[in-house]
Amino acid sequence: MIRRFVPEDFQEVVEIESEAFSEHNSLLYMSFYETVGDGFLVAEQDGKVVGYVVGYRSGENEGHIFSVGVKEEYRGRRIGTSLIHAICDIFVANGLRYARLEVRNSNEGAQKLYKSIGFVSCWTEKKYYADGEDGMVMKMHLHPYRLLISKQKYLESIISDNEFFVTFRGPISYYP
């Protein structure tokens with residue numbers, strides 16, 4: 001099941017983030033909760049958080065997937081794919097046309113996942129990561145038909161003053 005992040009999820013998200021990434025600031029995730037609200041989702045299985053995604057409006061027509069992570073023992077179960085689809089549905093429900101993310105050049109597994117969802121490689125950012133590794137910027141066009149899927153998944157979008165808000169009307173479970 002995919003649902004909105006709540007403060008009680010913080011420790012589990014930090015554990016997943018620490019397992020997957022070396023340079024993020026864990027306290028940043030509480031800041032995301034306060035600023036992006038419904039753009040912070042978690043995947044829950046058997047009552048525990050097994051993955052998360054954070055996304056936000058980064059431009060007039062673009063959403064940025066800042067981070068997506070899945071607990072190591074739950075990888076390969078399409079949880080990451082479901083999280084990315086969920087955040088892209090939120091982007092579409094808020095009138096965005098593109099999704100963007102960055103990935104390490106060495107992370108071929110993640111690149112393969114993103115390409116399978118529809119992302120394409122656009123350019124390389126030299127020394128993007130703190131350790132000096134290059135990062136690949138990938139983008140995907142968000143087709144308007146996704147909005148129909150979003151509405152069927154109990155999403156109601158609210159756009160006010162160019163801000164990013166989404167209200168969930170009920171439990172959400174994406175692409176089982």
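Phe119 has a relative accessibility of 2%, so this residue counts as buried (buried means under 20% relative accessible area, exposed over 50% and partly exposed in between, with a 1.4 Å probe and protein chains only). What you're looking at is a predicted model, where local features need pLDDT of at least 70, side-chain atom pairs count only at pLDDT 80 or more, and totals for chains, interfaces and linings use all residues. Residues are numbered from 1 along each chain as its sequence is written, and side-chain values use heavy atoms, with hydrogens and water left out.

Now for the rings. Searching the whole structure turns up three aromatic pairs. Rings of Phe, Tyr and Trp (its six-membered ring) pair if their centres lie within 6.5 Å; planes under 30 degrees apart count as stacked, over 60 as edge-to-face and the rest as tilted. Here are two of the pairs:

| Pair | Centres apart | Angle of planes | Kind |
|---|---|---|---|
| Phe5 and Phe40 | 4.1 Å | 10° | stacked |
| Tyr114 and Phe119 | 6.1 Å | 65° | edge-to-face |

Helices (H or I, at least four residues) and strands (E, at least two) are DSSP runs, numbered from the N terminus. Both Phe5 and Phe40 are buried. Tyr114 is buried too, with a relative accessible area of 8%.

Strand E2 also holds Val42, which is buried at 0% relative accessibility. Val42 touches residues including Phe5, Val13, Tyr52 and Leu83, leaving aside residues up to four places away in sequence (contact means heavy atoms within 4.5 Å).

Then there's the largest pocket, with a volume of about 840 Å³. On a 1 Å grid over the protein atoms alone, a pocket is an open set of points with protein on both sides within 12 Å along at least five of seven lines, and lining residues have an atom within 4 Å of a point. A volume is the space filled by probe spheres set on the points.

Which residues lie nearest the centre of the largest pocket? Of the 34 lining residues, they are Phe21, Val68, Asn107, Ala110 and Tyr114. Strand E4 (62-70), helix H3 (79-93), strand E5 (98-104) and helix H4 (108-117) each supply at least two lining residues, and E4 gives the largest share, seven residues.

Terms used: 1 Å grid on protein atoms, 1.4 Å probe; cavity = no way out; pocket = protein on both sides within 12 Å on 5 of 7 lines; lining within 4 Å.
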